[in-house]
Amino acid sequence: MRSDVITVQTGSRPAVRDITAEAQSFVSGQGDGLLHVFVPHATAGLAIIETGSGSDDDLLTALGDLLPGDDRWRHRHGSPGHGRDHVLPAFVPPYATLPVLGGRLALGTWQSLCLVDTNGDNPTRQVRFSFLAG
């Protein structure tokens with residue numbers, strides 16, 4: 001299995017960062033297999049969604065409605081409302097597995113692999129790519 005870690009800057013506000021190009025670069029020329037992507041953080045996740053048409057902003061809005069950044073959370077360290085960031089991975093998992101065919105991600109036409117981060121306290125994230133050849 002081949003594995004590597006990339007660093008992604010997400011900033012100090014909730015963000016959806018498209019990491020499809022980085023994932024594609026990692027599997028380029030690798031043949032057929034599976035790409036497993038993992039975010040080793042308790043407050044971030046991965047989503048496969050359409051980007052650039054407003055869906056990424058819609059996702060953040062939906063997460064804000066579902067997981068408000070207020071003081072209702074029992075988990076209270078960090079910025080006010082930070083407890084919701086620790087609930088995020090239950091809704092946006094910290095992993096994804098994608099098929100790779102002929103060294104290319106087998107995503108649908110409008111699908112992108114995105115890092116989802118609502119935690120402004122941690123503006124730098126690690127993402128692990130692991131390729132398992134078929």
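Which strands form the open sheet of 3 strands, and in what order? In this predicted model, select E2, E7 and E4: they form an open sheet in that order, with antiparallel pairing. Strand E2 (15-18) and strand E4 (44-49) are the edge strands, each pairing on one side only. On average, neighbouring strands of this sheet are turned by 30° against each other, direction ignored.

Next, display E4 together with strand E7 (residues 112-117); the two run antiparallel and are joined by 6 bridges. To inspect one of these positions, select Ala44, whose bridge partner in E7 is Asp117.

Proceed to the open sheet of 5 strands, which has the order E1-E8-E3-E5-E6 and antiparallel pairing. Strand E1 (2-9) and strand E6 (104-105) stand at its edges with a single partner strand each, so one side of each lacks a neighbour in the sheet. Within this sheet, select strand E3 (residues 33-38) and strand E8 (residues 124-133), an antiparallel pair with 6 bridges. Val37 has Phe129 of E8 as its bridge partner.

Colour Thr20, Ala23, Gln24, Phe26 and Val27, the buried residues of H1. Viewed down the axis of H1, these buried residues fall within an arc of 160°, and therefore line one face of the helix. On the other side of H1, select Ala21 and Ser25, which are exposed.

Notes:
Residues are numbered from 1 along each chain as its sequence is written. This is a predicted model: local features need pLDDT of at least 70, side-chain atom pairs count only at pLDDT 80 or more; totals for chains, interfaces and linings use all residues. Side-chain values use heavy atoms; hydrogens and water are left out. Two strands pair if DSSP finds at least two bridges between them. Helices (H or I, at least four residues) and strands (E, at least two) are DSSP runs, numbered from the N terminus. Buried means under 20% relative accessible area, exposed over 50%, partly exposed in between (1.4 Å probe, protein chains only). The arc is that of the directions from the helix axis to the C-beta atoms. Axes are lines fitted to C-alpha atoms, for helices over the stretch in contact, and angles run from 0 to 180 degrees between N-to-C directions.
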